[in-house]
2 protein chains.
Amino acid sequence: MPICGRGEALMPELISDLKEMRRVVKEARRAGKTVGFVPTMGYFHRGHLSLMERAREENDLVVVSIFVNPTQFGPTEDFREYPRDLERDLALAGEVGVDIVFHPPVEDMYPPPYRTYVEVEGITETLCGAFRPGHFRGVTTVVTKLFHLVPADRAYFGAKDAQQALVIRKMVEDLNFDIEVVICPTVREEDGLAMSSRNVYLGEEERRAATALYRSLCVARDLLEKGERNSSSILSEMHRVLDEEPLVRPEYVEIVDCQEMRPLDRVEGEVVVALAARVGRARLIDNLMLRVDEEGITLLP
Amino acid sequence: MPICGRGEALMPELISDLKEMRRVVKEARRAGKTVGFVPTMGYFHRGHLSLMERAREENDLVVVSIFVNPTQFGPTEDFREYPRDLERDLALAGEVGVDIVFHPPVEDMYPPPYRTYVEVEGITETLCGAFRPGHFRGVTTVVTKLFHLVPADRAYFGAKDAQQALVIRKMVEDLNFDIEVVICPTVREEDGLAMSSRNVYLGEEERRAATALYRSLCVARDLLEKGERNSSSILSEMHRVLDEEPLVRPEYVEIVDCQEMRPLDRVEGEVVVALAARVGRARLIDNLMLRVDEEGITLLP
């Protein structure tokens, strides 16, 4: 199943040793090469590949990590069944020109007694943070570790996980990390469903119903384009779209500002229209990041 | 007041800009130089200078930071009156051959809205952690920031702050920092009082009474040398020494293991005999780090 079309694909080098990973990156940088880093949990879709392609364009060496990070899953969440396919991932990474895949063992990343956590306050408590306690703490902790193990020039994150991307950008700024965070546009299926490794959890009916997430975002965008700025009017129209699909059980639907990640009454400035919903056993999220001003609206990033 | 005797002292370069600091260190490392880093809150005494001398011996470039870090002080603690004397510090640093003093403004280190903290769990909850809630979180947060701004090969910490040194060592291990933590021996006045910037708070009588801290540690060491391994027997002898000085109000007296920082019933392995006491308006701490086994005891580090 070729999901991208590069002919002369080379398999990336696979590194699982933490010190070896860092040694290779440091050596490349000492030799004057720029390094791009794409942290992932694997099971690649075109969203992941778009990050790798962007990293490939902008850097001499491209490193992708595949690590299903236990500390960002809650006790009742899908850590164990999260889809994994290293062989397929290596082939796909090779097709987009990735140089190195870093795949560390869980026991090397969190050797007991593990004790240290990184936490971003405030902006991790709304949206997904309100429904997944400890999730972002797991994310910021593992990203800190990965940034130390892969000391790159640039790191690439998808806008589909908007709150995650903004939390990481804030962490990088607050802790003075020496890395540039690049946020890349969400990649969608033809019918608008945002690419996600968790889409494999969807049955056929659920898959069709899941398009309601993006359709509700489009309704929000259209209302904003027509000049609507009242948050509750927009949200009720979004809910109307979601309510038409009984298989879609919304968790939250919100319009927040990009700085504080707090609900807005009036939609203005840099905002995220964000939602999460359960569809079957999948928990799906989607969003639009927008700049909204008198002139109209601009899609970000 | 020359407290060290090098003749041809050169003033270190003073850097306050965060990006400039990192640029200089990166440039040195790119040129193949090793970099030693001594994070301090300034108001140097011979303890600080011993760290700088060690860094000077082991590295091509020596950077010392002077930053009285607000996030590690509690609301009722001495952040405002903590002693400061940049001119004197620069001269002393110059005398021991420090190349650069990094002195960033508080508002550049914590620009609002600041949100990100690093926390080491468990080993920060005993000893000083039990009496200074949030203290170690402030320490690990600022040290993370400083390690990113001064990306050195080695960082030097004094054993006087044993719990701090062990917490930072654990943080470096857990978060995969690319830096070696070097713990250096406590430097003492002739009568045994551990060097501390806070000793300036002591009046004449208090200064004399304060020697009880080290005297009680010596009693513990003597008992261990004689084969005593029962923690409560040793602690009660230590308390006896402290109780003879009414000006000394003990906060804690403990014998803990170096890994978990938890009180031991039987003294064995790598341990810290640690105490904290109020003497006048000063809060003083001191400790002995020891390896205790059948052969006897060895002083660490």
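User: What makes β5(A) and strand β5 (residues 116-120) of chain B a pair, and in which sense do they run?

Analyst: Two strands pair if DSSP finds at least two bridges between them. β5(A) and β5(B) are joined by five bridges in the antiparallel sense, so they count as paired. One of these bridges links A:V120 to B:T116 of β5(B). Please keep in mind that this is a predicted model, where local features need pLDDT of at least 70, side-chain atom pairs count only at pLDDT 80 or more, and totals for chains, interfaces and linings use all residues. Residues are numbered from 1 along each chain as its sequence is written, while chains are lettered from A and ligands numbered from 1 in the order in which they are written.

User: How many residues does the contact take from chain A and from chain B?

Analyst: The contact takes 24 residues from chain A and 24 from chain B, with contact meaning backbone-placed C-beta atoms within 7 Å. On the chain A side, α1 (18-30), β5 (116-120), α6 (135-149) and α7 each give two or more residues. β5(A) provides the largest share, five residues. By type, the chain A side holds eleven nonpolar, five polar and eight charged residues.

User: Why do β8 (248-257) and β11 (296-300) of chain A stand at the edges?

Analyst: The open sheet has four strands in the order β8-β9-β10-β11 of chain A, with antiparallel pairing. β8(A) and β11(A) each have a single partner strand, so one side of each lacks a neighbour in the sheet. The average twist from one strand to the next is 25°. Helix α9 (residues 211-225) of chain A packs on this sheet, touching β8, β9, β10 and β11 of chain A, and makes an angle of about 15° with β10(A). Within the sheet, β9 (residues 269-279) and β10 (residues 282-293) of chain A pair over eleven antiparallel bridges.

User: What makes strand β3 (residues 61-66) of chain B mostly covered?

Analyst: A residue is buried if 20 or more other C-beta atoms lie within 10 Å of its own, exposed if 12 or fewer, and partly exposed in between. In β3(B), six of its six residues are buried. Both faces take part, with B:L61, B:V63 and B:S65 on one side and B:V62, B:V64 and B:I66 on the other. β3(B) also pairs with β2 (residues 35-40) of chain B in the parallel sense over six bridges, including one from B:P39 to B:S65 of β3(B).

User: Which domains does the domain assignment of chain A give?

Analyst: Domain 1 (13-184) and domain 2 (197-300) of chain A, with bounds from an automatic or database assignment. Their contact takes 15 residues from domain 1 of chain A and 17 from domain 2 of chain A. On the domain 1 side, α5 (128-131) and α7 (162-174) of chain A each supply at least two residues, and α7(A) gives the largest share, three.

Key:
Two residues are in contact if their C-beta atoms, placed from the backbone, lie within 7 Å. Ala, Val, Leu, Ile, Met, Phe, Trp, Tyr, Cys and Pro count as nonpolar, Asp, Glu, Lys and Arg as charged, and the others, Gly among them, as polar. Axes are lines fitted to C-alpha atoms, for helices over the stretch in contact, and angles run from 0 to 180 degrees between N-to-C directions.
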